[in-house]
Amino acid sequence: MFELLGIPPQVLFGQLLLGLINGSFYAVLSLGLAVIFGLLNIINFTHGAQYMLGAFGAWMLLNYLGVGYWWAVFIVPPIVGVTGIVLERVLIRRLYHLDHLYGLLLTFGLALIIVGFFRQFFGVSGLPYRPPPLLNGGYNLGFMYLPNSRAWVIVASLIVCLATWFIIEKTRLGAYLRAATENPTMVGAFGINVPLLVTLTYGFGVALAGFAGVLAAPIYAVNPNMGADLIIVVFAVVVIGGMGSILGSILTGFGLGLIEGLTRVFYPEGSAVVIFVIMALVLLVKPAGLFGRSV
Amino acid sequence: MKKMGFVLASTASLLMAGAAYATDVKIGVLNDRSGIYADIAGEGSVIAAQMAVEDFKATDKGINVSIVSADHQNKPDVGSNIARQWYDTENVDVIADVPTSSVALAVNEITKEKNKIFLASGPASSDLTGKACSPNTVHWTYDTWALANGTGSAMVAQGGDSWFFVTADYAFGHALERDTSAVVEASGGKVLGAVRHPFPGQDFSSFLLQAQGSGAKVVGLANAGGDTINAVKQASEFGITQGGQALAALLMFINDVHALGLEVAQGLVLTGAFYWDKDDQTREFSARFQERNAGQKPSMIEAGVYASVLHYLKAVEAVGDKDAAKVMAKMKEMPTEDPLFGKGTIRADGRKLHDMYLFRVKKPDQSKAPWDYFETVATIPADKAFRPLAEGGCSLVK
């Protein structure tokens, strides 16, 4: 039986798989941020709160309306997306002509307000969310016990990430989007409704956050602070991947999940900072991020 | 004219008497008001302090109490700054509560330096009455030694003789792991390993997998609040208990059980100092408290804030002054008595002694009403519940 640095291979495989699962959350969340930044040039600090809204949305559907998890997967992301569209129409669009900093401050303030509102009503301990029967139980893979709920997270987020990548890189709509990112005035001159495109893109990015929130509801405590804890890490992921790079954010999300998973085996105390150490190193060597184009 | 002079003189003497006996006391409730410990302390602790002042009828007794509060965000630097500012410029006499042991240890030092009083209800580290003990601190509700002694011994007695710890990586988690390891080893058990997770954490799957792989019979969670909630939830997801390992939530509050739901939390054994449904007095207090605290029953920390503030006010009344040394001496000399913890005493090292309880979380079908969560498995008498005076290494004990 070989061992790697004193760690048996079963343990290592298990941790790598868990790393990938955590990476799925990073990937879906950083993908949303990258899409929004790519087109709107807005650093969306409300993303963590919108992720939390997704989890609370699933909880409310179940507890107030009796609507189960599988419906929530399809119903909640569009609803969260619509709340994003309202924010974009009413507030965020007024800042497009200003520096990034204004957008950042506005979205950060909005996040504080949304989280504070939920904290007032629901407290911080969180709410129990009963997972659907299909997600209970799991499989013994030999090297670890894989709960169905985690297997589902990795499958669902891979599908969503790939679909998003496909839409943006391979379809006509995606081509409009990319063109509008490069030169909105020119695209507008071709008769494309650029403001509408921008609004829908923001709504889509926010819906991705809501989707991640629904995925999280059966796994993590559904509480108002759940997004705030995660969003800082996700921003680091986006910076490492390169702001605005779609494929970069997906790959970096999964990759950093793996690295964080390994750190939890070799030096668990450092698992909260390892991503930031990598971010610092990447910024030193490639300031535009691993997949970003330097401007 | 003569009569008038008499009236004036007696009014003046009354006023003078009033001035001599009126004591202004300012209590600062310092805790987590927004983070993972905000539900077990937070605004609830402020409400508890206010209720203590009202129930004591402080104003009628010539003590004018004002209460201030602040959020230490679970950060020792933030907590220290607030404590210094309160003592130096805002004339705060007493700091109450302070969950998060790392912050409490800092406040403990500052309180000693400024010669004020610290009524610690929230923090767990037994170092507060051990090597960091202070003549200015009373540690009221519970501590890591008491938790380890309660839950640790109970688990070993049930056959859980090999342990693996999942520990929050700061002063509190370290103290709880240390004290529980000592109990486990003294009872003939073995500690197979431990993993320290960043505080606060969200995903515990890696750590739980390591605990699963260790083959230990008991997985001890040396963390609290939101960390414990997430860890218990994910332990159930990863089938820790179905796999034959027992889960020991070494510090668990009723609010955590409320957040987890009985489905997930049922069967957990935990040690606590207070349960709202213990007797008529605790039920009466808890009903009043619940009305003011957004429908939440009091946690043992909030109960401890109420009882410690009450005892402090009694001491101020008895001394007729708020001088820290005199009031502390009185607090330790007078036996304590309140509706929530019953009769008790405060030891030379600052440790408040009362009975502790071993609770088991009820099954969903045993629970008759919201917040009906615990059944009492055992009562640990006050003289057995806390670390013996001589073993703490406190310099105040000669």
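The model is predicted.

**Helix H4 of chain B**

Helix H4(B) runs over residues 101–114 and has 14 residues. From its first C-alpha to its last it reaches 20 Å, close to the 20 Å expected at 1.5 Å a residue. The buried residues of H4(B) are Ser101(B), Val103(B), Ala104(B), Leu105(B), Ala106(B), Val107(B), Asn108(B), Ile110(B) and Thr111(B). They pack against six elements of chain B: strand S1 (23–31), helix H3 (76–89), strand S3 (94–97), strand S4 (117–120), strand S5 (137–139) and helix H6 (171–186). Just after H4(B), the phi of Asn115(B) is positive, at about 50°.

**The four-stranded sheet of chain B**

Four strands of chain B make an open sheet with parallel pairing, in the order S7-S6-S8-S9. Strand S7 (190–197) and strand S9 (246–249) of chain B are at the edges and have a single partner strand each, so one side of each is left without a neighbour in the sheet. From one strand to the next, the twist averages 20°.

Strand S6 (residues 162–168) and strand S8 (residues 218–222) of chain B run parallel and are joined by five bridges. Within this pair, Val166(B) stands opposite Leu221(B). Helix H6(B) packs on the sheet and touches S6, S7 and S8 of chain B; the direction of H6(B) makes about 170° with that of S6(B). Helix H6(B) is also among the elements that the buried residues of H4(B) pack against.

**The contact between chains B and A**

The contact takes 34 residues from chain B and 31 residues from chain A. On the chain B side, S7, helix H7 (205–214), helix H8 (225–237), helix H9 (254–260) and helix H10 (262–265) each supply at least two residues. H8(B) gives the most to this side, with six residues. By class, the side of chain B that touches chain A has twelve nonpolar, 14 polar and eight charged residues.

**Annotated spans of chain A**

An unreviewed UniProt entry carries the annotation "transmembrane region" for residues 12–35, 42–62, 68–92, 104–129, 149–168, 230–259 and 265–285 of chain A.

| Span of chain A | Distance between end C-alpha atoms | Helix and strand content |
|---|---|---|
| residues 104–129 | 32 Å | 73% helix, 0% strand |
| residues 265–285 | 27 Å | 67% helix, 0% strand |

Note on methods
Residues are numbered from 1 along each chain as its sequence is written. Chains are lettered from A and ligands numbered from 1 in the order in which they are written. This is a predicted model: local features need pLDDT of at least 70, side-chain atom pairs count only at pLDDT 80 or more; totals for chains, interfaces and linings use all residues. The expected span of a helix is 1.5 Å times one less than its number of residues. A residue is buried if 20 or more other C-beta atoms lie within 10 Å of its own, exposed if 12 or fewer, and partly exposed in between; C-beta atoms are placed from the backbone. Two residues are in contact if their C-beta atoms, placed from the backbone, lie within 7 Å. Two strands pair if DSSP finds at least two bridges between them. Axes are lines fitted to C-alpha atoms, for helices over the stretch in contact, and angles run from 0 to 180 degrees between N-to-C directions. Ala, Val, Leu, Ile, Met, Phe, Trp, Tyr, Cys and Pro count as nonpolar, Asp, Glu, Lys and Arg as charged, and the others, Gly among them, as polar. UniProt positions are given in the numbering used here, feature names are shortened, and annotations may be inferred rather than shown by experiment.
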